[in-house]
Amino acid sequence: MTSTPFAATFTQNDGAKTPEQRDAILANPGFGHHFTDHMFLAEWTPDTGWADGRVVPYGPLQIDPATAVLHYAQEIFEGLKAYVHADGSIWLFRPEANAARMQRSAHRLALPELPTEWFLGSITSLVEADRAWVPAGGEKSLYLRPFMFASEVFLGVRPSQHVTYSVIASPAGAYFAGGVQAVSIWLSSEYSRAGAGGTGAAKCGGNYAASLLPQQEAAEHGCAQVAFLDSTEQKWIEELGGMNLYFVQSDGSIVTPALSGSILEGITRDSIMQIGRDLGHEVVERRVSIDEWRTGAADGTITEVFACGTAAVVTPVRSLKWDGGEVVSGDGEPGKVTTDIRSALVDIQYGRADDRHDWMTRIA
């Protein structure tokens with residue numbers, strides 16, 4: 001069934017935060033703690049396709065105990081940000097790429113693919129309704145979370161015949177409030193994030209759930225994140241629990257693990273490859289072994305390591321720890337290549353640099 005052209009109704013939230021309450025939140029929003037006054041909702045069935053787009057007051061969803069997603073985890077999500085530029089305009093960073101990835105994730109999870117028109121329209125409608133919630137100053141932004149889940153009330157293992165799509169928004173402060181800091185990474189030797197033929201390339205909650213126990217293990221060893229190896233040989237570096245990895249070589253080249261089907265194709269990851277080339281670096285996608293990381297960091301062949309994702313943009317990696325050892329990247333501080341790439345990307349997102357690749361989309 002073909003979905004109808006995008007359209008959305010609007011219902012005002014009579015219980016919206018007052019301007020004073022909102023300003024107090026925006027002064028120090030943190031990340032993921034506060035939500036705007038409205039949310040977007042739409043439904044899909046085989047007969048109607050995507051329909052009933054609406055911006056409504058933010059609030060709880062009524063879920064039957066037999067709703068399919070609660071039992072079979074058929075759900076996906078995305079994450080992107082809205083940025084205020086110096087003239088007060090509001091922009092998104094590569095939203096079409098998020099729409100395309102959500103379509104790929106939907107295909108893998110046997111969910112209906114959301115047309116790009118609906119993806120962009122839902123986000124634009126919500127941001128326009130809650131424009132006052134987009135924070136300005138520093139590296140503040142409005143984090144947007146589109147998600148889709150199996151909402152049919154049915155206890156049977158098959159693709160859901162009723163699907164709900166929603167977008168919620170949360171004001172976000174600077175990820176590194178005290179300045180960019182390098183972190184230590186724990187190497188998981190017992191657990192894998194995803195397996196060959198699995199859902200590793202899809203952005204679904206099950207992948208993140210699988211990373212939580214090893215993430216706890218990492219915290220117990222004083223590490224901020226956990227690094228996963230491939231599930232077959234336990235030899236090749238894949239990604240962190242929620243970020244892709246990069247390795248800066250002593251010859252100035254930058255290496256990132258090649259997509260394997262079990263690595264999430266990060267939009268920040270793809271953007272950094274282009275920015276690295278813009279800055280004059282050779283950027284290579286290939287398999288990287290854990291031995292190469294350990295040996296390269298120890299002998300200086302690898303001079304910097306960093307991770308990337310939507311929330312933190314770029315996170316310098318100080319060291320890799322494992323049971324019985326640790327190796328430090330460079331001098332343990334954020335390196336020049338890492339900081340140059342991060343600055344170049346953030347400057348594009350906030351409108352301080354030329355958008356030579358047409359990555360930014362103005363929505364308000």
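I took a pocket to be an open set of points on a 1 Å grid over the protein atoms alone, with protein on both sides within 12 Å along at least five of seven lines. A cavity is a set of points where a 1.4 Å probe fits but cannot get out, and lining residues have an atom within 4 Å of a point. Grid points are joined across faces, edges and corners, and a volume is the space filled by probe spheres set on the points.

The model is predicted: local features need pLDDT of at least 70, side-chain atom pairs count only at pLDDT 80 or more, and totals for chains, interfaces and linings use all residues. Numbering runs from 1 along each chain as its sequence is written, and side-chain values use heavy atoms, without hydrogens and water.

**Entry: second largest pocket**
I looked up the second largest pocket and got about 210 Å³. It has 16 lining residues, and Asp230, Trp236, Glu238, Ser260 and Ser262 are the closest to its centre. I sorted the lining into 7 nonpolar, 4 polar and 5 charged residues. Here Ala, Val, Leu, Ile, Met, Phe, Trp, Tyr, Cys and Pro count as nonpolar, Asp, Glu, Lys and Arg as charged, and the others, Gly among them, as polar.

**Entry: largest pocket**
The largest pocket holds about 620 Å³. Of its 28 lining residues, Lys203, Tyr208, Gly242, Met243 and Ala311 are the closest to the centre. I then checked the elements, which are DSSP runs numbered from the N terminus (helices H or I, at least four residues; strands E, at least two). At least two lining residues each come from β7 (141–150), α5 (205–220), α6 (267–278) and β15 (302–309). α5 gives the largest share, 4 residues. By class I found 12 nonpolar, 11 polar and 5 charged.

**Entry: cavity**
I searched the whole structure and found 1 cavity of 30 Å³ or more. The largest cavity holds about 90 Å³. Its lining includes Gly79, Lys81, Phe93, Asn98 and Gln349. β5 (80–84) and α6 each give two or more residues to this lining. The largest share, 3 residues, is from β5. The classes are 4 nonpolar, 5 polar and 1 charged.

**Entry: Ile63**
I placed Ile63 in the loop between β3 (49–57) and α2 (69–72). Why does Ile63 count as partly exposed? Because its relative accessibility is 35%, and partly exposed lies between buried (under 20%) and exposed (over 50%), with a 1.4 Å probe and protein chains only.
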